[in-house]
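Here is a short report on one protein chain. It takes the fold in steps, from the overall make-up down to single residues.

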Amino acid sequence: MKVTSSPTTDGGLAARISGLGRFAIRLRWPFRPALLDAVWAVFSVLNLIAIFAFAGWETVPFHFIWISFTLLYGFRTWAPRPTLWVLGVVMVATAAAIGGDVLRGAEPAAELTEVPLMAAMFLAMVWHARRKLTAEQESHLVSEENARLLATQRRFLQDASHQLRTPITIALGHAELLARGLTSRQEGHDIQVVLGELNRLRRIAERLLVIAAAEGPEFLHPEPVALDSFIMEILRRWRPTADRRWQLGKLDKVTVRADRERLGLAIDALLENAVRHTASGDVIKLSVVAVGYGLPVRMVVSDTGQGIPAELLGHVFDRFRSGDSGPGRGTGLGLALVRAVARAHGGDVLVHSSPGQGSEFEVLLPAPSRPLALPSASAKLAGADAADGRLARKT
């Protein structure tokens, strides 16, 4: 037999459920302070009555009053003056209750000494709670100040970078015009130094802007990125720029959500660093390694160059830490930019290096929450570049 329910019945059930929901919301923790105080006051009065009513058991309600008073203060943490007023009331009330039992001969007079003892224990707890509250407030103020200083620093870097880009671009354009009209060898050398330094200043301004914006909420515009084809595109672009033995290492087919442009800036900075610290004939190898599902994906840039001294390994990602000197020196911001981009993606960057043995940088990216299919366009690119990749591995 089919059972049906009337709209009236359903409506009454819904109303009762709604009423229970509203009642649960009213009782949810934490309670309103006034309600908590009222409950404690009623509880304490009942225990005072119990002290008079059950003279032989007065220790239990007496301690209930003081324990509940201590717990209440732990949740409320009143200001000093109200705390002293309430403490005085509790001391007088409990002393009067115990005193009544003493006068009736139900308890010895020594029981009255428990009142100042409990008050002293309560004051010790008050002192500890106030000290902890003060420390938390100071810590909160320090955190707010640090956050304000960091925000100010980011705004300054962004503003300074924006303001520097225009005059640097103008000066660079004029220097290039001068370079075309100079015929003297010395003058040509001097203007090339000027051009090199202006280009370096432009890169500094651009990288400072990226680093300053890295912690902003709109820094990344993630999209599915097939890392194997992404690495091959970067290698194809970099191969003509330097006389190195460019190679493709292991290329696992994995797709992650990342900002393609920002990630490209990071890999470019790693390759620029690798070119600067290698010589003609050295190997620069790019790899994509996916160890397993749920584990970070590794984008690896390794070289057989001069390596990094052990005392500098802990500082290579700091800003303006560059081991180069001379007109062709780096900005000291490339590796800092790599770390900023990696951490903005929720990952990190690691380095392994030994002097004379080359270096290996790993950009770690969070694994995708679910396997993503490799786009067909990247599959076509992988097929088109297969012969090129095999040749790179052999060289």
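## Burial cut-off and one test case

A residue is called buried when its relative accessible area is under 20%. D268 has a relative accessibility of 18%, so it counts as buried. This residue is found in helix α8. Leaving out residues up to four places away in sequence, D268 touches I234, R237 and W238. The C-alpha atoms of D268 and I234 are 7.9 Å apart, while the two residues are 34 apart in sequence.

## Overall make-up

The model is predicted. The chain holds 11 helices and 7 strands. Of its 395 residues, 36% are buried. Take the contacts between residues at least 6 apart in sequence: 74% of them join residues at least 24 apart.

## The sheet

Strands of a sheet pair through backbone hydrogen bonds, either parallel or antiparallel. Here 5 strands form an open sheet with mixed pairing, in the order β2-β4-β5-β7-β6. β2 (245-251) and β6 (348-354) are at the edges with a single partner strand each, so one side of each has no neighbour in the sheet. From one strand to the next, the twist averages 15°.

Strand β5 (residues 297-303) pairs on both sides. It is antiparallel to β4 (residues 283-290), over 7 bridges. K285 stands opposite S302 of β5. The hairpin of β4 and β5 has 6 residues between the strands, and G294 there takes a positive phi near 90°. β5 also runs antiparallel to β7 (residues 358-365), again joined by 7 bridges. In that pairing V301 stands opposite F361 of β7.

S353 has S359 in β7 as its bridge partner.

## Helices around the sheet

Helix α7 (residues 227-238) lies across β2, β4, β5 and β7. Its direction is at about 180° to β2.

Two packed helices are described by the angle between their axes and the distance between the axes. For α8 (residues 260-276) and α9 (residues 334-344), the axes come within 9 Å and cross at roughly 150°. The crossing is left-handed. On the α8 side, the contact uses R262, L263, L265, A266, A269, L270 and N273. On the α9 side, the residues are G334, L335, L337, V338 and V341. By class, this contact has 9 nonpolar, 2 polar and 1 charged residues.

## Nonpolar cores

Which residues have the most contacts inside the largest nonpolar core? They are L227, I267, L271, L286, M299 and V363, in a core of 50 residues. The largest share of this core comes from α8, with 8 residues. Another core lies apart from it and has 21 residues, including W40, I65, F69 and V115.

M299 shows how the pieces meet. Setting aside neighbours within four places in sequence, M299 is in contact with L227, F230, I231, L263 and I267, among others. Its contacts also include S287, F361, E362, V363 and L365.

Definitions and conventions:
Residues are numbered from 1 along each chain as its sequence is written. This is a predicted model: local features need pLDDT of at least 70, side-chain atom pairs count only at pLDDT 80 or more; totals for chains, interfaces and linings use all residues. Side-chain values use heavy atoms; hydrogens and water are left out. Axes are lines fitted to C-alpha atoms, for helices over the stretch in contact, and angles run from 0 to 180 degrees between N-to-C directions. Helices (H or I, at least four residues) and strands (E, at least two) are DSSP runs, numbered from the N terminus. A crossing is left-handed if the near helix is turned anticlockwise from the far one by less than a right angle, and right-handed if clockwise. Contact means heavy atoms within 4.5 Å. Ala, Val, Leu, Ile, Met, Phe, Trp, Tyr, Cys and Pro count as nonpolar, Asp, Glu, Lys and Arg as charged, and the others, Gly among them, as polar. Two strands pair if DSSP finds at least two bridges between them. A nonpolar core is a set of buried Ala, Val, Leu, Ile, Met, Phe, Trp, Tyr and Cys residues joined through side-chain atoms within 4.5 Å. Buried means under 20% relative accessible area, exposed over 50%, partly exposed in between (1.4 Å probe, protein chains only).
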